[in-house]
Amino acid sequence: EHWRGDKKIYFFLSTARSSSKWLSEVLNTGTSCRGEHEFTLNYQTDEYHGLKNTQTNFQEIQTSNALARRLMLASAEYIGSQHYDWAECNVYLPHTLRHLQATFPNAKLIHLKRRTQDVVNSLINRNWYDTPNDYIHPIVDFDRYNAKSQIQRCLTYVEDTNTNISRTACATLCQNKLVTDLEYFKREIEGLGIAVYPRLVAKVYHQLINKNKTESYTSPLD
């Protein structure tokens, strides 16, 4: 028999286009945690595997306390039934933080933060907020920030999301260093209480995941 400590739950929260998918796979392959990507709010039974809720109706989840709470509780029940530590990377949970903290009061929330200009460029590359009435991506009060152009809207999304996360996170990881400096990765992840297995991490650390389809960027912050 092997001794186990109390179950630990980690949520790595970020804006979109911040290497969350990459991090979930590295955590799952090379650490003591089960790494998952955008599981909470998207838990589905073994009998049903449709599109993710966050891909089809996230704005409804974002505006409906009852729906967000129900989906959170369903995910929490499954996560609680697992015997291993849980490390989830999620770009949607920063917009439902109140429900996340109520459902997982003992979880550690970590801010995965990428440079603002890099995120904005990547979002524009993927046509985020190309119209004021964007019904696919998270709701942001653009009128409040007087964000009239696509660049301004993407910038507002990034700043608004990072502000939400920073209010609750217990630690911040620099995305640029995390994906390029293996020693930084090991040090920061182990500092959170997660065991890192170097040989296993090395197998996946340098892989590219969900790369932009083109490399034609603008310079939104010039």
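This is a predicted model: local features need pLDDT of at least 70, side-chain atom pairs count only at pLDDT 80 or more; totals for chains, interfaces and linings use all residues.
## How α6 and α8 cross

Helix α6 (residues 116-125) and helix α8 (residues 150-166) have axes that come within 9 Å and cross at roughly 125°. As for handedness, α6 passes α8 in a right-handed crossing.

Which residues of α6 meet α8? On the α6 side they are Thr116, Val119, Val120, Leu123 and Ile124. Their partners in α8 are Gln150, Ile151, Cys154, Leu155, Tyr157 and Val158. Sorted by class, this contact has nine nonpolar residues, two polar ones and no charged ones.

## How α6 is enclosed

Seven of the ten residues of α6 are buried, so the helix is largely enclosed by the rest of the structure. The buried ones are Val119, Val120, Asn121, Ser122, Leu123, Ile124 and Asn125. And what covers them? The cover over the buried residues of α6 includes α8. Once α6 is done, asparagine 127 follows, and its phi is positive, near 65°.

## Rings around tryptophan 22

Now for the aromatics. The model has 14 aromatic pairs. Take tryptophan 22 and phenylalanine 185: their ring centres sit 6.2 Å apart with the planes at 75°, and since planes over 60 degrees apart count as edge-to-face, that is what this pair is. Tryptophan 22 belongs to helix α1 (residues 20-30) and phenylalanine 185 to helix α10 (residues 182-191), so the pair ties together parts that are 163 residues apart in sequence. Are these two residues buried or exposed? Tryptophan 22 counts as buried because its relative accessibility is 6%, and phenylalanine 185 is buried too, at 0%.

Tryptophan 22 also pairs with tyrosine 205. Here the ring centres are 5.5 Å apart and the planes are at 65°, so this pair is edge-to-face as well. Tyrosine 205 lies in the segment after α11 (198-204), while tryptophan 22 is in helix α1, so this pair ties together parts that are 183 residues apart in sequence. Both tryptophan 22 and tyrosine 205 are buried.

## A cluster of rings

One more aromatic group to look for in the structure: Phe39, Tyr43, Tyr78 and Trp86 form a cluster, linked by ring pairs.

Methods:
Residues are numbered from 1 along each chain as its sequence is written. Side-chain values use heavy atoms; hydrogens and water are left out. Rings of Phe, Tyr and Trp (its six-membered ring) pair if their centres lie within 6.5 Å; planes under 30 degrees apart count as stacked, over 60 as edge-to-face and the rest as tilted. Helices (H or I, at least four residues) and strands (E, at least two) are DSSP runs, numbered from the N terminus. Buried means under 20% relative accessible area, exposed over 50%, partly exposed in between (1.4 Å probe, protein chains only). Axes are lines fitted to C-alpha atoms, for helices over the stretch in contact, and angles run from 0 to 180 degrees between N-to-C directions. A crossing is left-handed if the near helix is turned anticlockwise from the far one by less than a right angle, and right-handed if clockwise. Contact means heavy atoms within 4.5 Å. Ala, Val, Leu, Ile, Met, Phe, Trp, Tyr, Cys and Pro count as nonpolar, Asp, Glu, Lys and Arg as charged, and the others, Gly among them, as polar.
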